[in-house]
Amino acid sequence: RHREIASFRWFIALLADLLHTVAGDFVSRSLDPARHHLEMHIFVTGYRASRAHIPVVDDHLDPAPVEEGPQRAGYDVDIGFDARSLEEALMKPTLKSSDFGTENGPRPHQRRASLTIWKGRPVWPNIFETVRDNRKPNTSRIGVCSCGTPAIGKDLKAMCGQYSSIEGGLQFALHKESF
């Protein structure tokens with residue numbers, strides 16, 4: 001929910017770091033872009049323009065430094081945003097969730113690396129159909145991650161079952177965290 005974004009600053013910082021790390025892994029070839037794909041969509045519900053002016057503060061927006069090691073390629077890749085600008089974008093989403101999968105969907109300048117921010121509740125059939133129809137060749141498993149209420153998890157479980165297909169060789173696998 002829009003009014004709760006400030007409570008998730010720690011997660012915003014973590015998400016920005018994750019996207020930066022994945023971009024570095026693609027550059028270093030630790031991840032093969034022919035076999036791996038990351039696409040994230042955040043749906044900001046309960047948007048109120050009157051709350052969009054809330055200033056972004058520094059608390060928790062700079063993730064803890066990650067030590068170099070074998071799991072970290074060390075590539076410094078510019079993904080076009082940081083945690084602060086990501087929070088600012090979450091406070092002022094511009095894309096209507098009903099436009100997901102339509103010609104009114106995001107333009108390249110409205111995406112942040114593999115992340116798109118939508119305003120409003122997700123329209124699950126549009127999302128599952130678009131992801132299914134636009135997946136890379138030979139993709140047999142698509143992870144669906146959700147953090148939200150149990151009702152959202154229940155809806156997503158049903159959608160994963162509905163859009164998975166043994167004949168089509170495709171499984172939508174749900175990973176959820178409920179609160």
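The axes of helix 1 (residues 9-28) and helix 2 (residues 83-91) come within 9 Å and cross at roughly 120°. Here axes are lines fitted to C-alpha atoms, for helices over the stretch in contact, and angles run from 0 to 180 degrees between N-to-C directions. Angles under 35 degrees count as roughly parallel, over 145 as roughly antiparallel, 65 to 115 as roughly perpendicular and the rest as oblique, and helix 1 and helix 2 are therefore oblique to each other. Their crossing is right-handed; a crossing has this name if the near helix is turned clockwise from the far one by less than a right angle, and is left-handed if anticlockwise. The model is predicted: local features need pLDDT of at least 70 and side-chain atom pairs 80 or more, while totals for chains, interfaces and linings use all residues. Residues are numbered from 1 along each chain as its sequence is written, and side-chain values use heavy atoms, leaving out hydrogens and water.

Which residues of helix 1 and helix 2 meet? From helix 1 come R9, I12, A13, L15 and A16, and from helix 2 come A83, L86, E87 and L90, with contact meaning heavy atoms within 4.5 Å. By class, this contact has seven nonpolar, no polar and two charged residues (Ala, Val, Leu, Ile, Met, Phe, Trp, Tyr, Cys and Pro count as nonpolar, Asp, Glu, Lys and Arg as charged, and the others, Gly among them, as polar). In helix 2, the buried residues include A83, L86, E87 and L90; buried means under 20% relative accessible area, exposed over 50%, and partly exposed in between, with a 1.4 Å probe and protein chains only. At the start of helix 2, a side-chain oxygen of D82 reaches to within 3.3 Å of the backbone nitrogen of R84.

W124, P125, F128, E129 and R132 of helix 3 meet I152, D155, L156, M159, C160 and Y163 of helix 4. Eight nonpolar, no polar and three charged residues make up this contact.

Across the protein chain there are four helices and six strands, where helices (H or I, at least four residues) and strands (E, at least two) are DSSP runs, numbered from the N terminus. Buried residues make up 32% of the 179 residues.

Technical notes. Polar contact = N/O pair within 3.5 Å; in protein donor to acceptor, adjacent residues only side chain to side chain.
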